[in-house]
Amino acid sequence: MITKSIPSLFTIGNLMLGMFAIMMAFDGKLSMAAIMIIIAMLLDGLDGRVARALGVESEFGKELDSLSDVISFGAAPAFIMYVTSLNDLNPALAWTVTAIFPVFGALRLARFNVRPGIPGYFIGLPIPAAGGVLATLALFHNDVSAPFMIVATLLLSYLMVSTVKYPNFKKIGLPKKAVVGAPLVIVVAVAVAVVFPEQIAKLIFVLLALYALYGLKQNVDRMTARRRHRRRRRSEEKLYHSKNG
């Protein structure tokens, strides 16, 4: 019974950190709010691996994970962005943009739960990555204009529900022996993040932004390749018809 509950403890920790992030953003502790999202990402990455390592995967765990993700990587990052960059704008615009992000995140999770994906890939930007980018991007609010933040929020929202393919690292296994060391990894990560909250958050932003842009670039490359292929076929067809009258 205890073994079956271990993965869910990671998931509940993820959910609690999402709530802490909202409360910290409300109190103006923006760097720490972003760090809460990053640590929640760590827990989210571990819960499934721990469940597989222990052989205790369940539908309950999957549903709990999705519900937690809506809060930690949907509502919490959107609220952080709203507090830092959007709350001085027209309320209708600010509220709409803020609400779109968790709504699209929920749609992304629902699609993930009911549709089989492509082995080795996610279809659409995973909500933890999108939420991580949004939460850490908000830390640049003094250097980046509000219109840019709106565009970035809407772009991330679109990428979540798009058909862009992103590499799936969640299937990388975790040895059963490593489960014992997982709490230590989390403690060390939390300690480093608390000592250097803003620096760590901005470093994570760079890594997550590169991941988000990588998938977008791959999609653009595929579209460009398809267009070239169509043009080549049309050219070959025209050449064939010209030769054969």
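**Exercise 1. Determine which backbone atoms the side chain of Ser 162 reaches, and describe the setting of this residue.**

Solution. Begin with the polar contacts, meaning pairs of N or O atoms within 3.5 Å in which, within protein, one atom must be able to donate a hydrogen and the other to accept it, residues adjacent in sequence counting only if both atoms are side-chain atoms. The side chain of Ser 162 reaches the backbone nitrogen of Val 164 at 3.3 Å, and a polar atom of that side chain lies 2.8 Å from the backbone oxygen of Leu 159. The model is predicted, so local features need pLDDT of at least 70 and side-chain atom pairs count only at pLDDT 80 or more, whereas totals for chains, interfaces and linings use all residues. Residues are numbered from 1 along each chain as its sequence is written, and side-chain values use heavy atoms, with hydrogens and water left out.

At 5% relative accessibility Ser 162 counts as buried, the term standing for under 20% relative accessible area, with exposed for over 50% and partly exposed for what lies in between (1.4 Å probe, protein chains only). Finally, when residues up to four places away in sequence are not counted, Ser 162 touches Arg 111, Ile 123 and Gly 124, contact meaning heavy atoms within 4.5 Å.

**Exercise 2. Trace what Arg 111 touches, and find the backbone oxygen that its side chain reaches.**

Solution. Arg 111 is found in helix 4 (residues 91–114) and, at 17% relative accessibility, counts as buried. Not counting residues up to four places away in sequence, Arg 111 touches Ile 123, Gly 124, Met 160, Val 161 and Ser 162. The backbone oxygen in question belongs to Val 161, which the side chain of Arg 111 reaches at 3.0 Å. As for Gly 124, it is 13 residues from Arg 111 in sequence and 9.7 Å from it in space, C-alpha to C-alpha.

**Exercise 3. Work out how helix 5 and helix 6 are oriented to each other, and which residues meet between them.**

Solution. Take the geometry to start with: helix 5 (residues 127–137) and helix 6 pack at an angle of about 175°, with their axes 10 Å apart; axes are lines fitted to C-alpha atoms, for helices over the stretch in contact, and angles run from 0 to 180 degrees between N-to-C directions. Angles under 35 degrees count as roughly parallel, over 145 as roughly antiparallel, 65 to 115 as roughly perpendicular and the rest as oblique, and helix 5 and helix 6 are therefore roughly antiparallel.

Then list the partners: Ile 127, Ala 130, Val 133, Leu 134 and Leu 137 in helix 5 meet Phe 148, Met 149, Ala 152, Thr 153, Leu 156 and Met 160 in helix 6.

Last, consider burial. In helix 6 (residues 146–161), the buried residues include Met 149, Ala 152, Thr 153, Leu 156 and Met 160.

**Exercise 4. Identify the side chain that Asn 14 joins through a polar contact, and state whether Asn 14 is buried or exposed.**

Solution. Asn 14 lies in helix 1 (residues 2–26) and is buried, with a relative accessible area of 0%. A polar contact of 3.1 Å joins its side chain to that of Asp 69. Leaving aside neighbours within four places in sequence, Asn 14 is in contact with several residues, among them Ala 40, Leu 43, Asp 65 and Phe 73.

Notes:
Helix = DSSP H or I, 4+ residues; strand = E, 2+ residues; numbered from the N terminus. Expected span 1.5 Å × (residues − 1).
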